[in-house]
Amino acid sequence: MMTAEQMMASHKATVETLFGLTTKAFEGVEKLVELNLTASKAALTEASSHSQAVLSVKDAQELLALQASLLQPLAEKTAAYSRHLYDIAQGTSSEFSKAVEGQSAEAQKKIAGMIESATKNAPAGSESAVAVMKSAVSAANNAFESVQKAVKQASDAAEANFKAVAAQAVTAAGTTAAAATKKR
């Protein structure tokens, strides 16, 4: 049975964790807003210079060449934006995962302590019930660890796939731009 001091300490730790996670979430939002502002400013500047370039075009060939020359940088900028967006999401998610892992490790210790205490104070003849409870807790811990490993593997695979797709998109845009330029 938990004492009043243990309960207060547990509640305090929970509130501190909640505020820590809230702070991390706001930091992620701040980074996202900063990224979007930077991207918006760059897009506005590029749109202005592109408009000026289009207005100075003298014939259709020159217009096609101008459009083709803009395709590769646009794909690279889009890929860079996506990478930054992914990094922000991954960083925030990582912070949340660390907090959850820390809290689950602490909870496992507390449960193990409570089971140990219950074992010591259990009446004679309840050994099989205590063994079943220990076995259930052990199975739950093993399942939780397996899920954590699977999530980590899936996250790593998704990151590798994301990087591969982004690289292919930039390469494809470069090939398309080169082909359009050669047709002139």
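In this predicted model, the side chains of Lys24 and Glu27 form a salt bridge, with an N to O distance of 3.7 Å. The two residues are 3 apart, about one turn of the helix, and both belong to helix α1. Lys24 is partly exposed, at 30% relative accessible area, and Glu27 is also partly exposed, at 32%.

Lys24 has a further partner in Glu95, where the closest N and O atoms are 4.0 Å apart. Because Lys24 lies in helix α1 and Glu95 in helix α2, this pair ties together parts that are 71 residues apart in sequence. Glu95 has a relative accessibility of 29% and therefore counts as partly exposed.

Lys77 and Glu46 form another salt bridge, at 2.7 Å from N to O. Here Lys77 is in helix α2 and Glu46 in helix α1, so the pair ties together parts 31 residues apart in sequence. Lys77 is partly exposed at 41% relative accessible area, as is Glu46 at 30%. Through shared partners, Lys24, Glu27 and Glu95 are joined into one network of salt bridges. The count of salt bridges comes to 3.

The helices themselves span residues 4-55 (α1) and 60-121 (α2); their axes come within 11 Å and cross at roughly 180 degrees. An angle over 145 degrees counts as roughly antiparallel, so α1 is roughly antiparallel to α2. The residues of this contact comprise 15 nonpolar, 9 polar and 6 charged.

On the surface, Val29, Val33 and Leu37 form a nonpolar patch with about 260 Å² of accessible area together. Val33 is placed in helix α1 and, at 44% relative accessibility, counts as partly exposed.

Terms used: Residues numbered from 1 in each chain as written. Predicted model: local features only at pLDDT ≥ 70, side-chain atom pairs only at ≥ 80, totals over all residues. Heavy atoms only, no water. Axes fitted to C-alpha atoms, helices over the stretch in contact; angles between N-to-C directions. Helix = DSSP H or I, 4+ residues; strand = E, 2+ residues; numbered from the N terminus. Parallel < 35°, antiparallel > 145°, perpendicular 65-115°, else oblique. Nonpolar A, V, L, I, M, F, W, Y, C, P; charged D, E, K, R; others polar. Patch = residues over 30% accessible without salt bridge, like charges linked within 9 Å, V, L, I, M, F, W, Y side chains within 5 Å. Areas by Shrake-Rupley, 256 points an atom, 1.4 Å probe, with all protein chains shown as cover. Buried < 20%, exposed > 50% of the residue type's maximum accessible area, 1.4 Å probe, protein only.
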